[in-house]
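This report treats a structure in terms of its strand pairing, its domains, its chain contacts and one loop. The sequence and the model are shown first.

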Amino acid sequence: MSAPRIHSLAEAVARLRAPDAAEAFGPLGDEPLLAVDVVGGGGSPLPGAADALRARLERLPCPTIALARAGARGTAAKRWGPAFDVVVESDEELARIAETTARTPIAAATCAQLLRFGAWRDVEAGLVAESLAYATLQAGPEFAAWLMNRRASRAAHPPRSGRSDGDAPPLRVARDGDRLLLTLDCPARRNAFSAAMRDALIEALALAAEDGSLREIVLDGAGPAFCAGGDLDEFGTRPDPATAHVVRTTRSAARALAACAPRVVAVVHGACIGAGLELAAFAGRVRARPDARFALPELAMGLVPGAGGTVSLPRRIGRHRTAWLALTGTAIDAATALDWGLADELAPAE
Amino acid sequence: MSTGEPVVLKPGTRLRSAVCATEVMVIQAPAGPIALTCGGAPLAPLGAPAPAGGSGPAPDAAGGTQIGKRYVNAAGDLELLCTKPGAGTLAADGAPLAIKAARPLPSSD
C-alpha cells in the first residue's frame with residue numbers, strides 16, 4: 001500500500017477552493033483521505049483562516065487528518081487541529097489511518113462525518129445520529145464483505161465447544177444495601193454484548209431509575225474480560241437496516257446508562273472493546289484495572305461504533321481522540337485511558 | 001394464609017414482605033382496594049417494624065421474587081417492581097402475580 005499523500009497547508013487551501021473539490025476525495029474519488037502537515041505551513045495565518053479551512057474540510061466525504069510531527073499540543077496543532085477530524089503526531093499513525101481508510105473507505109468517511117458535526121453534544125440527538133449512520137453502513141458493501149468473510153472463516157474453523165454459557169442469565173443482578181451490583185456474566189464469550197444482555201441490562205437500569213434509594217450502581221464483568229464487544233454471532237441477524245435502526249433507538253442500553261450515569265461506576269478489566277468500551281464510557285466514573293485495554297474495532301467491519309460510542313467517547317475525550325481510536329483501530333492501555341480521561345481512576349488488579 | 005385488609009395503593013409506595021426479604025415498589029395500581037401478600041402474609045409498609053419470629057413464607061407461596069422484575073396481575077392494572085429479592089411469592093387478592101416480560105426485540109446488529 002502506498003503512503004498517503006501529505007499536503008502542505010497552502011496546497012490544501014488551494015485544492016479546496018474549487019466548488020467541486022469534494023469530488024476528488026473519499027470512496028468515490030481518487031484520494032481516500034486528506035492529510036495535511038500543519039506544522040510545516042510557515043508564516044502566521046490571517047485571522048479566521050482556521051475556521052475558513054474547517055468549513056471547506058467539512059465538505060469532504062473522507063477523514064481529514066492534521067499531521068503535527070512536533071506534537072498535538074504544539075502551537076500549529078492547536079491552531080489548525082480543530083479544522084480536522086483527527087490529529088496525529090507521526091507518520092506511523094497516519095499510515096494506520098490510511099490502511100483503515102483504504103479497506104473500508106465508506107465506514108471511515110461516515111465515521112468522520114458523524115463526529116465532525118457534533119450531535120454527540122446532546123446524548124439523545126447523538127444516539128439517533130449514530131444509529132442512522134450505523135443503519136446506512138449495515139446496508140453497505142463493506143459490512144456485507146466482512147460478514148461474508150466471517151461466515152466463510154467460521155465454516156472453515158468452527159468454534160471450539162465450551163464457548164457458551166448455556167441458558168444462564170447474561171447479567172447477574174444483586175443488591176447490597178443501597179448499591180446495585182450488575183455483572184456481565186457470559187465469561188465463555190468474554191461477555192459479548194448480545195440482545196439478551198442488552199435486555200437484561202436495560203431491565204436492571206430501569207430498577208435503578210425507579211429506585212432513587214440506590215446510591216451507586218456498579219457495572220463490571222465476570223471472567224477474563226469486561227466485554228469484548230458486540231456478539232459477533234448475532235451480526236447480520238438483524239431485520240432490515242431500517243428496522244434495526246428503530247430497534248436501537250427503541251431499546252437502548254446507552255440511553256438507559258446515560259439516564260443513571262451520575263450513580264454508575266464501571267469497573268473494567270481485560271478487553272473493554274467496542275460495545276464494552278462504548279457503554280462503560282457512559283458511566284459517571286470508570287475505574288480501570290491495570291490489565292484493561294480499550295479499542296474501537298468497528299470500522300474494520302465496515303461499521304461505525306453502534307452502542308453509543310460516538311456519543312460517550314467524545315463527551316469524555318473529545319472528537320479527535322474518538323476519531324483516532326476508531327480510525328486507527330489501535331488499542332490503548334489503562335494508563336493511556338487514564339491520561340485521556342477515558343478512565344477516571346486505576347483500580348487494583350483483581 | 002391471610003390476605004389482610006384490601007387497601008388502595010398509590011404508585012411510588014414501597015412495601016416489604018412480612019415473612020421474607022422481598023421489597024417492592026408500586027408502579028401501577030388499580031383504582032379500588034386490593035390485598036397484596038408475599039409468602040402468604042400481607043405486605044407491610046417499608047418502614048414498619050419487622051414482625052417477631054419470622055417463620056418464612058408459607059409452603060404454597062414460596063416461589064421467590066427476583067430483583068428488577070416487574071410483577072403484574074391478570075387484570076393488568078397492578079404492577080409491582082421488585083427492589084429487593086426474597087423467598088416468597090407475590091399475590092394480589094389471593095392470586096399469584098406473574099413476571100411481566102419485555103416485548104421481544106431482535107438484535108439490531
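Phe294(A), in strand E11 of chain A, is the bridge partner of Cys272(A). The model is predicted, so that local features need pLDDT of at least 70 and side-chain atom pairs count only at pLDDT 80 or more, while totals for chains, interfaces and linings use all residues. Residues are numbered from 1 along each chain as its sequence is written, and chains are lettered from A and ligands numbered from 1 in the order in which they are written.

**Strand pairing**

Strands E9(A) and E11(A), the latter comprising residues 293-295, pair in the parallel sense over three bridges. Strands (E, at least two residues) and helices (H or I, at least four) are DSSP runs numbered from the N terminus, and two strands pair if DSSP finds at least two bridges between them. The pair belongs to an open sheet of three strands in chain A, with the order E9-E11-E12 and mixed pairing. Its edge strands, each pairing on one side only, are E9 (271-273) and E12 (332-333) of chain A.

Chain A is divided into domain 1 (6-103) and domain 2 (125-346), with bounds that come from an automatic or database domain assignment. The C-alpha centres of these two domains of chain A lie 31 Å apart. Ten residues from domain 1 of chain A and nine residues from domain 2 of chain A take part in the contact; two residues are in contact if their C-beta atoms, placed from the backbone, lie within 7 Å. On the side of domain 1 of chain A that touches domain 2 of chain A, two or more residues come from each of strand E4 (86-88) and helix H4 (91-103) of chain A. H4(A) gives the most to that side, with five residues.

The 13 residues of H4(A) should span 18 Å at 1.5 Å a residue, and the end C-alpha atoms of H4(A) are 18 Å apart, which agrees. The expected span is 1.5 Å times one less than the number of residues. Leu94(A), Ile97(A), Ala98(A), Thr100(A) and Thr101(A) are the buried residues of H4(A). They cover an arc of only 165 degrees around the axis, and therefore lie on the same side of H4(A); the arc is that of the directions from the helix axis to the C-beta atoms. Among the elements covering these buried residues are strands E2 (34-37) and E3 (64-67) and helix H12 (309-328) of chain A.

**Contact between chains**

Chain A brings 20 residues into contact with twelve residues of chain B. Strand E5 (171-176), helix H8 (195-210) and helix H9 (241-250) of chain A each supply at least two residues of the side that touches chain B. H8(A) gives the most to this side of chain A, with six residues.

**The loop between E6 and H8**

Ala192(A) is found in the loop between strand E6 (179-184) and H8 of chain A. A residue is buried if 20 or more other C-beta atoms, placed from the backbone, lie within 10 Å of its own, exposed if 12 or fewer, and partly exposed in between.

| Residue | C-beta neighbours inside 10 Å | Class |
|---|---|---|
| Arg190(A) | 20 neighbours | buried |
| Asn191(A) | 31 neighbours | buried |
| Ala192(A) | 23 neighbours | buried |

Most residues other than glycine have a negative phi. Arg190(A), although not a glycine, has a positive phi of about 50 degrees, and phi of Asn191(A) is near 55 degrees, also positive in a residue other than glycine.
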